[in-house]
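Here are a few notes to go with your first look at this one. Have the viewer open as you read.

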Amino acid sequence: GSDGSGGGGTATPAPGSTDDGTATSAGTVPEPRTYAADELYNIEEWRGSGPLIENRPDEYTGISMLDLPDLRGELTVYLGGGEGGLYENLMWRIQNTYRDFTVTPRKASSSQLANTIIEEATAGSSPADVFWAIDAGSIGIVAENDATVELPERVVRSIPDTFHPTDQWVGTMGRARSVPYNTDEFSAEDIPNDISAFPDDDRFGDAMGWAPTYGAFQSFVTAMRLLEGEDATRQWLEGMQEQNTGTYDNELVVANQVASGELGAGFGNHYYSRLVREERPDAPLELAFTQGDAGALINCSGTEIVKGTDNEELAADFIHHLLSIEAQEFLGTRGYEYPLLPSVPPVGDLPRIDELNPPDLNLAKLSDLEPTLRLLRETGVL
Amino acid sequence: MSRDIHRNPAATPATSTAPDATDGPVGEPVLELDGVVRSYASETAVEELSLTVGDGEVLTLLGPSGCGKTTTLRLVGGLEHPDAGSIELRETPIADADNGTVVPPEERGIGLVFQDFALFPHMTAAENVGFGLDDWDEADRRERVADLLELVDLADHGEDYPGELSGGQKQRVALARSLAPEPDVLLLDEPLSNLDVSLRVSMREEIRRIIDETGVTAIWVTHDQEEALSVADRVGIMNDGRLRQVGRPERIFERPASRFVASFLGRTGFLSGERQADTVATDLGRIDADRIADLDAVQGETVDVLVRPDDLRATPTTEGEAHGRITSRQYQGPSFVYRVETAGGDTVHCLQNHTEVFDVGQPVAVDLVADHPLQWFPRD
Amino acid sequence: MSRDIHRNPAATPATSTAPDATDGPVGEPVLELDGVVRSYASETAVEELSLTVGDGEVLTLLGPSGCGKTTTLRLVGGLEHPDAGSIELRETPIADADNGTVVPPEERGIGLVFQDFALFPHMTAAENVGFGLDDWDEADRRERVADLLELVDLADHGEDYPGELSGGQKQRVALARSLAPEPDVLLLDEPLSNLDVSLRVSMREEIRRIIDETGVTAIWVTHDQEEALSVADRVGIMNDGRLRQVGRPERIFERPASRFVASFLGRTGFLSGERQADTVATDLGRIDADRIADLDAVQGETVDVLVRPDDLRATPTTEGEAHGRITSRQYQGPSFVYRVETAGGDTVHCLQNHTEVFDVGQPVAVDLVADHPLQWFPRD
Amino acid sequence: MSVVDRLVDPLDREETDGRPVGLALLSAAIAAAVLSPLAWIVVRVLQVDTDYALSILARPATVEILLTSLGLVAAVTGFSILLGVPLAFLTVRTDLPFRRFWTVAVALPLVVPSYLGAFTFIMAFGPSGELADVLAPLGIASIPSIYGFPGTALVLTLYTYPYVFITTRASLLSFDQQLVEAARTLGISRWAAFKRVTLPQLLPGITSGALLVALYALSDFGTPALLRLDVFTRVIMVEFNTFGRETAALLSLQLLAITAVILAIESRVGDSTQGAYVGASPNQGSDTTVSLGAWKLPALLFCAVVVALCLVVPIGVLVLWLVRSPETAARIGTEFQWGFALNSTKVSLATALVCAVAAVPVAYFAARHRSRLAELFDRATYVGYAMPGIVLGLALVFFGVWYQSAAGGLSTDLFGADYSPQLYQALPLLIFAYVVRFLPQSVGATRSSVRRVDRSLTEAARTLGRTRSAAFRRITLPLIAPGVIGGAALVFLTTMKELPATLLLHPTGFETLVTYIWGLRESANYGAVAVPALALIVVSGLSMVVILSQED
Ligand SMILES: Nc1ncnc2c1ncn2[C@@H]1O[C@H](COP(=O)(O)OP(=O)(O)OP(=O)(O)O)[C@@H](O)[C@H]1O
Ligand SMILES: Nc1ncnc2c1ncn2[C@@H]1O[C@H](COP(=O)(O)OP(=O)(O)OP(=O)(O)O)[C@@H](O)[C@H]1O
Ligand SMILES: [Mg+2]
Ligand SMILES: [Mg+2]
């Protein structure tokens with residue numbers, strides 16, 4: 001057990017280095033509790049920097065990395081996506097925390113890795129121990145193909161049920177659908193609360209952009225289909241096409257286009273706008289969120305243990321680390337994603353996750369992409 | 001090796017093609033082609049060719065362009081496979097169409113000078129020449145290459161690449177290259193065609209000397225009649241893929257087996273004549289039958305008598321006494337050759353001293369000055 | 001530019017290389033090379049070459065292998081550019097190293113038969129021949145191609161690709177191709193070297209006929225002495241990139257300007273002799289000074305007298321009376337050529353009738369039978 | 001007897017009918033090996049419900065995509081020829097100033113991955129790109145959109161025409177100039193001579209380059225995806241992203257059918273028996289360069305524009321990123337290490353080597369023994385080139401894992417432990433994948449160089465006592481070496497750039513330049529991308545110098 005409670009101090013030794021020889025077992029993992037910031041493990045280092053990081057809380061509820069079992073052994077992690085190296089960076093930090101722990105990430109797109117794991121499972125077994133990917137759909141499809149094992153309750157206990165709808169996987173970070181808009185073109189009130197208002201409003205003609213090939217967009221349409229039904233979704237898609245909505249490759253481009261005034265507004269994951277702001281702090285770019293519909297979907301990155309691993313215990317502990325306060329703070333402050341640990345707030349002026357009004361939807365169902373794609377193709381969006 | 005070329009100049013009937021004492025190989029047979037056929041899609045290049053070459057013998061092969069000479073050499077060298085027939089080297093079959101025997105070229109010990117040289121473009125002249133000397137030790141090889149370049153008069157060009165050599169220089173490199181490894185059998189495909197006369201004469205004497213010294217057996221394709229006759233132990237005349245006649249040079253020249261063979265060795269004219277009692281009547285007057293070799297034509301039959309330029313001499317005369325008139329004149333240095341068309345329409349050539357200059361159109365009397373029996377062929 | 005080459009035909013000493021009555025071009029000058037030089041990295045292929053060719057004239061160019069003949073033709077054809085000197089065609093400069101004038105080959109109207117043929121491998125023989133007839137209409141072209149294939153005796157091979165033709169056949173296609181567009185000036189680089197004698201003779205007569213009929217001007221490189229002399233209006237002899245002598249065939253043959261030129265036209269022998277009063281003393285006895293052309297050597301001076309095989313006749317004799325002995329014998333069909341080494345060490349050749357068979361080693365007396373003044377050269 | 005002898009001798013032993021059985025078998029084996037991943041496609045396609053399959057194939061969108069794909073292939077191939085052939089001619093046959101420089105410069109675009117090219121083009125020429133920023137103050141409000149068909153065709157052309165350039169150049173260099181001389185002495189103008197003599201001789205070279213371009217255009221994913229053009233690969237990718245592996249396999253099969261058609265067309269155009277001839281004396285010392293005269297300036301301008309578009313734009317954008325980018329290392333998983341470049345170089349070299357060795361028998365057989373069989377083997381090697389990298393990758397994932405567990409299981413049964421060599425996610429499998437994809441580049445270059453070696457040269461060697469293999473070693477090999485090395489260098493270049501198969505099959509932890517760039521893709525930290533991207537361009541650029549130095 002790592003009880004380096006002298007946290008906060010810059011000289012705090014890493015948990016692994018204070019090894020007291022008593023192997024941690026599942027039974028000894030302490031319950032989540034509330035920590036003062038300086039009780040945590042070097043929180044200043046985990047946290048990002050800059051003006052957006054000014055108002056971080058003084059205390060957090062959850063479990064600190066210091067109280068988690070030591071990691072010892074080797075782990076192969078298939079990393080789908082990874083936010084430009086941020087997820088990988090977190091893994092390096094965790095690895096460096098322990099003396100005898102090696103993590104080997106294998107990076108590719110999340111769907112590609114999901115396909116790979118399924119092929120591997122079909123042909124024999126996968127070399128992967130953990131699959132961590134940026135979209136719940138890929139995570140879900142692997143679980144559905146019977147290629148994962150159940151996660152222990154102690155690991156997932158602090159994460160709201162919305163983000164671990166089955167025992168097979170757990171969400172790590174949240175990503176909200178949003179409407180980035182150009183403040184020179186629109187004011188906050190101009191942006192409807194209801195996603196279904198966009199096709200009917202003339203102001204959005206020739207002014208919107210989307211990225212239909214992007215997984216998050218497809219998840220959003222899937223959500224709409226599940227919530228509103230196929231016909232309504234079709235109408236919505238057709239309506240947006242009549243608005244001459246511009247098609248882009250990814251939502252970072254959409255956000256950039258909005259920022260430069262090329263577009264009035266667009267559809268995209270919330271953090272892309274933050275990234276653009278980071279690059280161009282003065283850009284007239286703001287975010288709006290719809291309420292309670294697919295437009296307000298909060299998808300998540302997720303992780304799971306791949307079936308056939310020899311390191312099931314280690315994998316579970318590793319995943320537990322990803323859900324620790326420190327890791328959530330790390331990812332949240334640097335990548336602008338929503339931490340899923342409720343006590344870790346999102347960065348800057350983003351609304352808190354519980355201030356958002358996501359629709360009531362089982363995220364695992366987002367892997368039901370097939371009909372969505374058919375719809376997208378039939379309407380000519382794809 | 002001594003060649004007695006004047007054995008038995010008499011008895012053979014002119015039209016016979018049967019082999020004969022003087023037609024066989026000079027030494028022990030080394031190379032035997034038997035009924036060899038090679039066809040290409042569009043035509044048959046070599047047809048039923050049988051030929052024996054003796055040990056240490058030089059056989060020159062003559063024939064019109066496209067008659068199959070190169071193809072014959074390629075068959076012997078192993079670069080083409082016969083469609084029928086067989087080839088034996090020292091009594092071992094090296095190619096046999098019947099049972100599929102094929103000895104690869106490199107195991108035949110046969111050198112070949114290609115008609116179009118086939119020099120290795122990435123090697124200098126010296127490297128080309130030394131190419132076949134792989135198993136020689138370095139010093140010997142260098143010496144041999146130097147000797148051969150000397151021999152072909154290219155000592156200065158050893159370091160040149162083929163692209164930097166003139167036509168004749170390339171040909172000499174090709175020649176030196178094939179001589180270098182001292183093959184048992186040497187096939188030469190017009191090896192001197194691109195050389196000037198004096199070089200050609202000296203080269204052929206050199207090659208002949210090397211052949212004699214090393215006892216090489218050679219087939220030498222040439223289109224140069226003088227070369228063919230002067231260098232050869234035996235001469236073979238090919239036409240249309242077939243061997244028409246093979247034999248000692250003087251025999252081929254003096255007793256050609258057919259009009260084709262005759263017309264192939266130097267300029268020829270044919271006088272058509274009719275056998276009458278003891279003479280043959282021609283446009284140039286009567287010729288005594290005993291001046292014509294083995295004349296067994298019967299009374300009244302028409303024969304063609306072979307006359308070469310040096311058999312005839314023209315003298316200017318009056319229209320009335322002329323046998324014909326000059327239709328063309330050709331300067332050859334020491335002499336002129338005049339073409340004369342006789343009253344009866346035969347064309348003959350007369351060799352005249354270069355001082356005897358006649359004009360075209362001049363009526364001339366033509367005298368038969370031959371001091372050997374004339375060859376004749378039945379009219380066909 | 002007109003050069004009066006007929007001034008002063010008498011006085012020139014035999015060794016002079018100055019132009020002379022009979023050395024100028026036959027017609028109006030068409031092609032003029034003036035001081036042309038062409039060097040490659042390693043050597044100078046053509047050096048200070050000046051030459052005038054007259055309208056409708058055939059100039060044959062002879063010279064040892066590598067002397068620069070091909071390079072000369074390439075310069076005229078525009079495929080090489082002179083490093084110095086200029087070339088004029090019908091008084092228009094087509095290449096001038098001084099001011100950089102270069103008329104591209106296709107605008108010169110000059111046809112060229114390449115020594116190594118350069119046939120287009122992706123075209124049939126007929127397409128190759130018709131290549132230069134772009135602007136002819138289809139029917140004319142077809143007819144012209146058929147005529148030319150007929151001319152070179154390849155009517156059956158029109159559809160063959162170069163890869164399917166024999167060496168001689170390729171050469172004939174190359175020839176036909178260059179004749180087809182009826183160029184003004186025709187450059188022939190050993191155009192008949194791969195052909196057999198009879199084809200060569202008939203082809204050269206054909207070409208000469210075409211040249212005469214169409215008034216083409218031609219430079220014809222050949223290494224065949226007979227071809228050079230018989231086909232030419234004038235003959236040029238090159239050596240080492242320089243033109244050594246140019247003139248009418250009989251003049252070149254009979255009055256060669258140098259030992260090199262003499263030795264280049266057929267087999268030559270030189271008798272060293274000493275001028276004594278009215279005779280020249282040689283190993284073959286005294287020769288009257290008036291049998292030797294323009295002999296102005298002074299008393300006691302040593303000269304070399306040129307004797308060709310047909311100038312000499314050998315007779316077997318006893319050791320005591322012999323002038324020398326036979327060292328080799330070469331069969332040439334109608335005749336033998338014997339090499340005789342004289343007591344004094346001179347080598348001469350004698351042309352004998354083929355009936356006169358002597359053995360090597362035979363002591364012989366050699367008679368001078370020449371009926372023309374003998375050429376001499378100062379001993380060098 | 002050397003190793004080569006021992007290898008070559010039995011292989012090239014001819015039967016009496018002149019067909020070398022050993023060589024044919026070896027060619028067949030190589031062809032079969034590179035075709036083997038197709039088996040996976042077939043297996044997956046068989047799992048597709050027939051009605052669904054038919055509905056996919058027949059839906060109007062599929063037809064439209066088919067037409068777009070074909071149109072793109074046609075346009076890119078056509079434009080590549082229009083760029084590549086004149087550039088090759090200019091740099092080989094004319095007195096263009098700074099010929100050496102231009103030769104390297106116009107070949108270099110090949111080292112820029114087309115996706116990187118496309119990306120930088122968007123940055124430069126897209127709406128609100130750098131160019132738009134420059135032009136906006138000048139009152140130029142809009143430039144033609146870089147997106148869609150024209151843009152895709154443009155970018156693909158700019159980054160693939162060097163294939164045509166290089167192969168055409170090789171043919172031009174080995175082309176017997178005497179033939180042009182002959183044409184010109186027959187009064188044919190330079191241009192007509194080019195058309196009637198040079199061009200037919202170059203055709204095999206041009207088409208072999210054009211084939212690579214066509215198949216590249218057909219199989220490339222990155223460029224059309226970035227430039228938003230719906231082509232086959234993009235649809236296949238979408239299927240993959242949505243876990244329709246079977247459907248993707250089905251579409252891949254359709255793609256391969258198109259490939260087969262393209263291959264068939266190419267063999268008709270480019271492989272005439274008379275083609276690829278080279279005279280005994282290519283480039284005989286004489287100076288036959290074409291003088292450009294008044295055309296010198298336009299020619300220079302032409303080269304400069306091409307180079308500016310292909311090289312200056314992407315490198316400029318990358319450098320701009322490099323200098324502009326803020327220091328945000330936190331978002332980068334791993335710092336850039338030169339070891340990544342080393343890794344890239346190592347696998348690429350290994351692949352190039354394997355391709356060079358594997359290409360020789362196939363190419364030799366195809367060039368020397370013109371038969372349907374030889375041609376079939378030769379063409380078979382091209383199929384993998386058009387196989388989308390991801391399809392190939394997944395196929396090999398399947399085979400790799402299957403082998404691993406089968407061999408491992410067997411070994412465990414027999415010896416009680418798993419002694420089977422690691423194959424899956426190990427370098428051999430990755431290299432095999434590269435070979436499957438890029439072998440044709442090697443085969444093409446080698447084939448045309450074999451064809452250029454006059455048969456009589458090996459015959460001469462053999463009459464001088466050399467065995468078939470010795471003749472091959474001493475004569476053929478040195479003469480084809482430029483082709484073999486050039487082909488290998490092409491393979492090297494493309495391997496350096498390859499992404500999809502690398503992502504699927506690289507050993508875990510084995511980071512290469514492209515996987516690293518890919519990892520940064522989402523970071524929006526373009527400055528970080530610039531370093532590895534420039535490293536990739538530099539390393540590949542060096543190998544381009546190798547290719548071009550083979551020429552003289
Ligand atoms: N590869 C080939 N394909 C088709 N026909 C061929 C081929 N090679 C040669 N021939 C034909 O075979 C015949 C004989 O050719 P070969 O080369 O043996 O002639 P040759 O006697 O050497 O002639 P030359 O004296 O002109 O060199 C010719 O008519 C030629 O056209
Ligand atoms: N490209 C070249 N590079 C270097 N030297 C060359 C080149 N071409 C020719 N030479 C040299 O120039 C000289 C003249 O060559 P050229 O081809 O003109 O000779 P030639 O008189 O035609 O000889 P041949 O009768 O043998 O054909 C030769 O010594 C040759 O080696
Ligand atoms: Mg031949
Ligand atoms: Mg020459």
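How much area do chain B and chain D bury between them, and what share of it is on carbon and sulfur atoms?

1. Keep in mind that this is a predicted model. On the area, chain B and chain D bury about 2000 Å² between them, with 63% of that on carbon and sulfur atoms. On the chain B side, B:Glu106, B:His122 and B:Phe131 lose the most area to chain D, and together they make up 30% of what that side buries.

2. Counting residues, 26 from chain B are in contact with 19 from chain D.

3. There's some charge pairing here too: the rule finds four salt bridges across the interface of chain B and chain D. One of them joins the side chains of D:Arg462 and B:Glu106, at 2.6 Å from N to O. Polar contacts link seven residue pairs between the two chains. Strand E7 (110–113) and helix H4 (167–179) of chain B each supply at least two residues of the side that touches chain D. By class, that side of chain B has 14 nonpolar, seven polar and five charged residues.

4. Now have a look at the magnesium ion (ligand 3). Its protein donors are B:Thr70 (OG1) and B:Gln115 (OE1), lying 1.9 to 2.2 Å from the ion. The two sit 45 residues apart: B:Thr70 belongs to helix H1 (residues 69–77) of chain B, while B:Gln115 is in the loop between E7 and helix H2 (125–130).

5. B:Thr70, at 25%, counts as partly exposed.

Technical notes:
Residues are numbered from 1 along each chain as its sequence is written. Chains are lettered from A and ligands numbered from 1 in the order in which they are written. This is a predicted model: local features need pLDDT of at least 70, side-chain atom pairs count only at pLDDT 80 or more; totals for chains, interfaces and linings use all residues. Side-chain values use heavy atoms; hydrogens and water are left out. Contact means heavy atoms within 4.5 Å. Buried area is the accessible area (1.4 Å probe) that two parts lose on being put together, summed over both. A polar contact is a pair of N or O atoms within 3.5 Å; within protein, one must be able to donate a hydrogen and the other to accept it, and residues adjacent in sequence count only if both atoms are side-chain atoms. Helices (H or I, at least four residues) and strands (E, at least two) are DSSP runs, numbered from the N terminus. Ala, Val, Leu, Ile, Met, Phe, Trp, Tyr, Cys and Pro count as nonpolar, Asp, Glu, Lys and Arg as charged, and the others, Gly among them, as polar. Donors are N, O and S atoms within 2.8 Å of the metal (3.2 Å for Na, K and Ca); water is not among the atoms, so sites may look incomplete. Buried means under 20% relative accessible area, exposed over 50%, partly exposed in between (1.4 Å probe, protein chains only).
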